Amino acid sequence: MFDNKLVSRVETVASHAVKPGAAVVAITPQTIKVACSNCNLRELCMPMGLSQAELDRIDDVVASRRKVKRGDTLFRNGEKFTSLFAIRTGFFKTCVASEDGRDQVTGFQMAGEIVGLDGIVNEHHTCDAVALEDAEVCIMPFDRIEELSREVNALQRHVHKIMSREIVRENGVMLLLGSMRAEERVAAFLLNLVQRLHARGFSSSELVLRMTREEIGSYLGLKLETVSRTFSKFADDGIVEVKQRHVRIINTDALKDIVNPKICN
């Protein structure tokens with residue numbers, strides 16, 4: 001029996017299912033007013049069961065949004081940490097420079113997820129957060145979040161859950177890189193990806209990857225050629241259909257069977 005817990009433990013590349021008729025909007029950097037109480041992503045990044053008065057207080061804390069163009073950075077390694085960022089639209093990758101000067105991808109984040117937790121430990125960010133497409137984030141000043149979380153228990157628990165999720169993600173990455181073959185890594189990545197997208201109302205079988213094969217390989221610990229070869233094998237086996245960055249999963253059970261042997265050990 002396939003254990004979905006492994007899939008949810010492996011943070012994977014940020015991708016987007018295609019929404020028919022969606023307009024392409026040019027985004028320019030700016031800050032605008034935001035209200036959490038009216039946001040359709042509230043259930044993904046805010047705790048459930050808050051009273052209207054508590055939501056109003058959070059609205060006062062999460063006072064603005066920021067638009068980030070594709071390829072621009074939300075924050076950089078070494079930059080002073082002041083805020084957490086809830087992704088409203090778009091996708092990001094976090095990366096650090098390796099010893100040989102190359103960027104090592106450490107994570108991918110999509111709408112409804114929070115970035116910036118890396119800066120809490122020493123009040124400076126330890127990675128770069130780069131937009132993979134035009135994006136918008138809600139700015140959450142951390143000192144005010146801390147203050148409010150001491151008064152609103154549900155918010156405090158939610159912040160703790162977010163931090164715990166990051167720890168679980170790290171454990172999933174260690175399992176992914178330490179014990180899985182290439183096919184298992186790519187299969188787990190696709191399963192996790194569609195699971196996350198489905199939770200946001202997108203298709204559970206069709207998606208558009210917002211990053212390159214090279215970025216996928218950097219995160220999964222695989223060479224570019226290996227990632228491309230694995231996608232091709234899945235296509236030849238009738239498991240997925242791949243057209244450039246568009247991926248359609250034809251046989252979900254086959255992907256689960258690829259990952260399942262490691263779960264049973």
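Colleague: Why is the meeting of the side chains of Glu 184 and Arg 181 called a salt bridge?

Modeller: In this predicted model, the N to O distance between Glu 184 and Arg 181 is 3.7 Å. A salt bridge requires a side-chain nitrogen of Lys or Arg within 4 Å of a carboxyl oxygen of Asp or Glu, so the pair qualifies. Side chains of opposite charge can pair when their charged atoms come close.

Colleague: Is Glu 184 buried or exposed, and how do you know?

Modeller: Glu 184 has a relative accessibility of 2%. Buried means under 20%, so Glu 184 is called buried.

Colleague: What makes Glu 113 and Arg 200 a salt bridge?

Modeller: Their closest N and O atoms are 3.5 Å apart. This value lies within 4 Å, so the pair is a salt bridge.

Colleague: Why can this pair be said to tie together parts of the chain?

Modeller: Glu 113 lies in the loop between β7 and β8, and Arg 200 in the loop between α6 and β11, so the pair ties together parts that are 87 residues apart in sequence.

Colleague: How do you know whether Glu 113 and Arg 200 are buried or exposed?

Modeller: The relative accessible area is 8% for Glu 113 and 18% for Arg 200. Each value is under 20%, so Glu 113 and Arg 200 are both buried.

Colleague: What makes Lys 233 and Glu 183 a link between distant parts of the chain?

Modeller: Lys 233 forms a salt bridge with Glu 183, with the closest N and O atoms 3.7 Å apart. Lys 233 belongs to helix α8 and Glu 183 to helix α6, 50 residues apart. With a relative accessible area of 36%, Lys 233 lies between the limits of 20% and 50%, so Lys 233 is partly exposed.

Colleague: How many salt bridges does a search of the whole structure find?

Modeller: The search finds 10. Elsewhere, Arg 65, Arg 88 and Glu 136 are linked in a network of salt bridges.

Colleague: Why is Ile 239 called buried?

Modeller: Ile 239, found in the loop between α8 and β12, has a relative accessible area of 8%. As this is under 20%, Ile 239 is therefore buried.

Colleague: Which residues is Ile 239 in contact with, leaving aside its neighbours within four places in sequence?

Modeller: Among them are Phe 234, Arg 248, Asn 251 and Ile 258. Ile 239 and Asn 251 are 12 residues apart in sequence and 4.8 Å apart in space, C-alpha to C-alpha.

Notes
Residues numbered from 1 in each chain as written. Predicted model: local features only at pLDDT ≥ 70, side-chain atom pairs only at ≥ 80, totals over all residues. Heavy atoms only, no water. Helix = DSSP H or I, 4+ residues; strand = E, 2+ residues; numbered from the N terminus. Buried < 20%, exposed > 50% of the residue type's maximum accessible area, 1.4 Å probe, protein only. Contact = heavy atoms within 4.5 Å.
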